[in-house]
Amino acid sequence: MIAALFWFFAAAAVLSASLCILQRNPVSAALWLVSTMFSLAAIYVLLDAQFIAAIQVLVYAGAVMVLFLFVIMLLNLDHATSDIRGPSTIAATVVIAGLLAGELFALWSYTPHRLAVELAQAGSAGDVSALFAAGAIARQEAQAKGVVGAVAAPLFQAYLVPFEITSILLLVAIIGAVVLAKRKV
Amino acid sequence: MLLGPSLGLSAILFSLGVAGVLLRRNAIVVFMCIELMLNAVNLTFVALAQLYGASGYIMVFFVMTVAAAEAAVGLAIILAMFRHRQSVDLQNINLLRG
Amino acid sequence: MSFSHWVWLAVALPLGGFLVNGALALRRPDAKGLVSLVGPGVLLGAFGVSVGVFRELLGNPPHEPLIVPIWPWLSVGQLSVDLAFQVDQLSAVMLLVVTGVGSLIHLFSVGYMREDPGYARYFSYLNLFIVFMLVLVLGSSFPVMFIGWEGVGLCSYLLIGFWFSDKANADAGKKAFIMNRIGDFGFLVAMYFIWRAFGTLNFTDVMARAPLTLAPGGVIVTAITLFLFLGCTGKSAQIPLYTWLPDAMAGPTPVSALIHAATMVTAGVYLVARTNVLFAMAPLSSTVVAGIGALTALFAATIGLRQYDIKRVLAYSTVSQLGYMFLGVGTGAYAAGVFHLVTHAFFKALLFLGSGSVIHAMHHAFHSTHSHDDAQDMRNMGGLRRHLPWTFGLMMLATLAITGMPPLSGFYSKDEILAAAFARGGDTPIFYLFYAMGVAAALLTAFYMARLMALTFLGENRTGEQERGLLHEAPWIMTGPLVVLGVLSLVGGALNLPHFVGGNAAMERWLEPVMEPGMRLNHLVMPEGSTDLLLGGVAVAIGVLGLVLGFRATLGRPTLPARQAPADTGLALVLNRKYYVDELYDGLFVRPVEWISRMVLWKGVDQTIVDGVAVNGAARVSRGLGWLGGRLQSGQVGVYVVVFLVGALWVLRAVLR
C-alpha cells in the first residue's frame, strides 16, 4: 500500500518537475513547481516525517512560491517568445544532466543492508546496529514526544546555536531584500 | 523501507533541476529550478533520517529556512536587475565579462 | 732554488709594461718619455732574465726539462693542466731570440714611431705580444702554449691594424686573425686527439708515452700531427694559409720585423720541434711538412720576383724562408730547422728594420713636399746608398746572409737544411725533389734580394728633385739595433758550425736532449766529408749565380718611377698579382660564406625561424590561448553554470569511484 502510494506520488513529482522546466509561461512553471512540492510533502508523510511535510507545505509551497508568483506578476513578463535556449545548449544539457543523473543513481543502490555490509567490512569503530539505532531511537521519541517534539527537542538543545544564527540570517535577508528592491528616490 | 527509491527520485529531481538551470533564459525560472534542486536534496535528507536519526530533519529545517531567505534576496536582485535593463533575460546580463 | 725558477719574471716584466703603457695610452697619451723608458726597459729586463736562465743551463745542461709551476689551472675529471713553464734547452734558445731581438726592435721603435700619436698604445701592444710569445715558448703543455698561440694572434691583429682609420689596414688585421683561426681549429682538434690518446696534455708526458702507446706511422699519430701542422700553416704562413702575411705589411715596419719575421711566424716551427717525437713517429706527416715547406719556399720566392713594394718582397721572402725551416724539421733535422729560425731572426729582422729606415727617410721626404707618391715603392727609390750609407751597408750584409754566402750565418743554417733533405732522399726519394726545390728557391732568393738592393740603393735616384735633398740617414736609436743585428748575422754561424769547416755543431749538441727522442726514431744520417763539402759548394755557387743575375738584370735596364712605370704584362703580371690566389680564395670561400650568411642564416634562420616562428610565433600562440581563455569569461551566466556543473560532475566521479 505504502509502496504504491509512494510510486504514484513519485511519478507525480517527476511529471510536475518536467513540466515545470519546460513551460514557456513562468506562472505555469511556478504552479507546476508547487505541484511538485505537494507531491514531495506526501512522500515525506510516507517516510514518517509528518512535521517536515507540514512545514514543506506551509513554508515552501505557501510562502516561497507565493513570493515567486508575486514577483512574476509584478514584472509582467512577456511569455510570447520561448526562452529555452538553442539546440547546442539542449544537447549539452542532455549530456550533462544525463551524466549527473547517472552518477547520482549510484546512490539508489545504497539500501540499508548494503550500508551495513560496507560498514562491517570497513570495520568502523561504532557498532553497526548502534548506527541504525539512531533511527529507531528517533521513532521512539516521535511516539513519546509527538511528531513536533521529536524535531524540536534536538533543535533547541543540540542545535541551538545554529538556530539562533539562522534567525540573524533571516533578519539580514529581510534587510537586504528591502534595500535591494527599494526604488531609488 | 523506501530508502533506495527515495534516493533515486531525489537524483532524478536534482538532474531535472540542473537541466532547467541550463535550458532556460528567464532568470526567475532558473531560480525556480534551483528551488527544485533544493527540494530534491531535502528529500535525500528526509530519506536518510530514517536511518540516522533526527539530525536529518534538523538539516531539512535549516535548508528550508535558508532557501526562503535566499529566495527573498534573489528575487530582490532580479527586481533590481529588471528595473535596470527592463528584461530578465540572462543573455543580456553579461557585464561580468572579461 | 735555481735561477730558472725566476723565469716567470721574464713574462711578468712585459706584462707590467703592457699595463703601464696601456694605462698611459688611455690617460696620458703624450707621456712619450715615460713610455720610451718602460716599453724597451721591461724587454731589456726580460732579456736579462733570459740570459741568466741560459747561463745556468749552460753550466749544468739538464736531461729532463725543469717545470716551473705558476698556478694550478684546470682540474676537470681526469684532465689536469697547470699553468706552468718548461725550462729546457729549446725554450732557452727561443727565450733568448724573442727577448733579444725583441729588445732591439723596441729600441728601434722608439725612433721609428716617435711622431705617431698612438705611441703609448703601440708599446703596450708590443709588450703584450712579447708576453704571449713567451707564454707560447715557455708553456709546458699544449693548452698553455695555445694561450700564447691565440694571444700572439690577437696582438698581431691589433698591431697590423694599428692605423685602423684606414680601412685597408683594418681589413689586413682581420684577414690575419681569421686565417690564423682556421689554423687554430687544427690545433684544437689535434689537442683533442692527443687528450684521447694519452690522457694528458703536458709535453713531457705526451712525448714519453707516445712511443709506447701509439703505433708508429699509424692513423692516430698521423692525424694528430697533420692537424698540428694545419695550425702551423696558419701561424707560420705556409700554403694554403699564407696569404695574410703579405697583407700584414700594412702594420708599422718594426711590427713586421718582430712579429712577421722573427717571432710569431716561427711559432709553427717551434711547435714541430717541440713535438718532434710525434712527427718522427708519423713519416707521412713529416713528408707532408717537408713537402709543403719546400713548395712554399719555391712558390713564395717566385712571387717575390715581381713585387714593387719593398716590404712585400721581404714578406714573401719570409714566407719562403719559413718554408725552409719546415723543410728542415720535416726532414727530421730538428736542430737545423731551429738553427735557421735563429739566424733568420737576425738577418730578416735586420732587413725589415733596414727597410724601415729607408721608408722612414722616404716618408719624411714625401711628407715635407706634400707628395702623394708611395714611400714604399722601390721604383721611387734608387741610389740611396749615398744618402743612407749605414743602412745600405748593413742591409747588404743581411742580403749576403740570406743568400747563404759563407762565412755569414745564413750559409750554415741553409746549407744544413739542404744537406739534410739530400740525405733523407736516400731512403725517401721524394726528398730529392724537395732538395731540388730548395735549391731553386735559393737561386730565386738571391735574385730577388739582389733586385731589391739594386732598385733601392744602387743606380740613379728616382725620388724626385725636391725630395732628394731631404733624404737622410736614420737617427742612432734606429741604426744602433741595426748594427747589433748585423754583427749577429755575421757571426751567428758560430752557433752551429758544421764539421766540415772544423766546427763542433754546438747548437745541435745543445739541443740534443730535447730533439733526441725524435731523432732516434728518424735514423737520419747526415752526409759526411766530401758529400757535405760538395753540397755546400753547390749552395754557394747557386747563391752567387742568383746575385749576379739579379744585379745585372735589374741594373741592366732603366727603371721608371712608379707613377710613370708601365703596367706589367704576361707572366710578370701573374707574379705581381700573386698568382691570383687571393681572388681564388675570395671566390671559393669568402663569397659562398657571405652568401650563406646572408641568404640562409639571416633570411632563413634568423628572420623566418627565430623571428617568425619562435618570437612572433610564441606571441601568436600566447594571444591565441588568451583569446581562448577570454571566451570562458563571456559574462554569460549560462556559460558559467555549464563550467560549474562540468567541474561538479568531475568531482563527483572522483568521489564515487
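Colleague: Which cysteine sulfur is closest to the sulfur of A:Cys20, and how far away is it?
Modeller: Keep in mind that this is a predicted model. The closest one is in B:Cys33, at 5.2 Å, which is too far for a bond. A disulfide would need the two sulfurs within 2.5 Å.

Colleague: Is A:Cys20 buried or exposed?
Modeller: A:Cys20 is buried, with a relative accessible area of 0%.

Colleague: And what about C:Cys155, where is its closest cysteine sulfur?
Modeller: That one is in C:Cys232, 19 Å away, so again too far for a bond. C:Cys155 is buried too, at a relative accessible area of 0%.

Colleague: How many disulfides turn up over all chains?
Modeller: Zero, from a search of the whole structure.

Colleague: OK, switching to helix α20 of chain C. How many residues does it have, and how far does it reach?
Modeller: α20(C) runs over residues 476–491, so 16 residues, and spans 22 Å from first C-alpha to last, close to the 22 Å expected.

Colleague: Which of its residues are buried?
Modeller: In α20(C) those are C:Met478, C:Thr479, C:Pro481, C:Leu482, C:Leu485, C:Gly486 and C:Ser489. Looking down the axis, they fall within an arc of 155°, so they line one face of the helix.

Colleague: What covers the buried residues of α20(C)?
Modeller: The cover includes α3, α15, α16 and α17 of chain C.

Notes
Residues are numbered from 1 along each chain as its sequence is written. Chains are lettered from A and ligands numbered from 1 in the order in which they are written. This is a predicted model: local features need pLDDT of at least 70, side-chain atom pairs count only at pLDDT 80 or more; totals for chains, interfaces and linings use all residues. Side-chain values use heavy atoms; hydrogens and water are left out. Helices (H or I, at least four residues) and strands (E, at least two) are DSSP runs, numbered from the N terminus. The expected span of a helix is 1.5 Å times one less than its number of residues. Buried means under 20% relative accessible area, exposed over 50%, partly exposed in between (1.4 Å probe, protein chains only). The arc is that of the directions from the helix axis to the C-beta atoms. Contact means heavy atoms within 4.5 Å.
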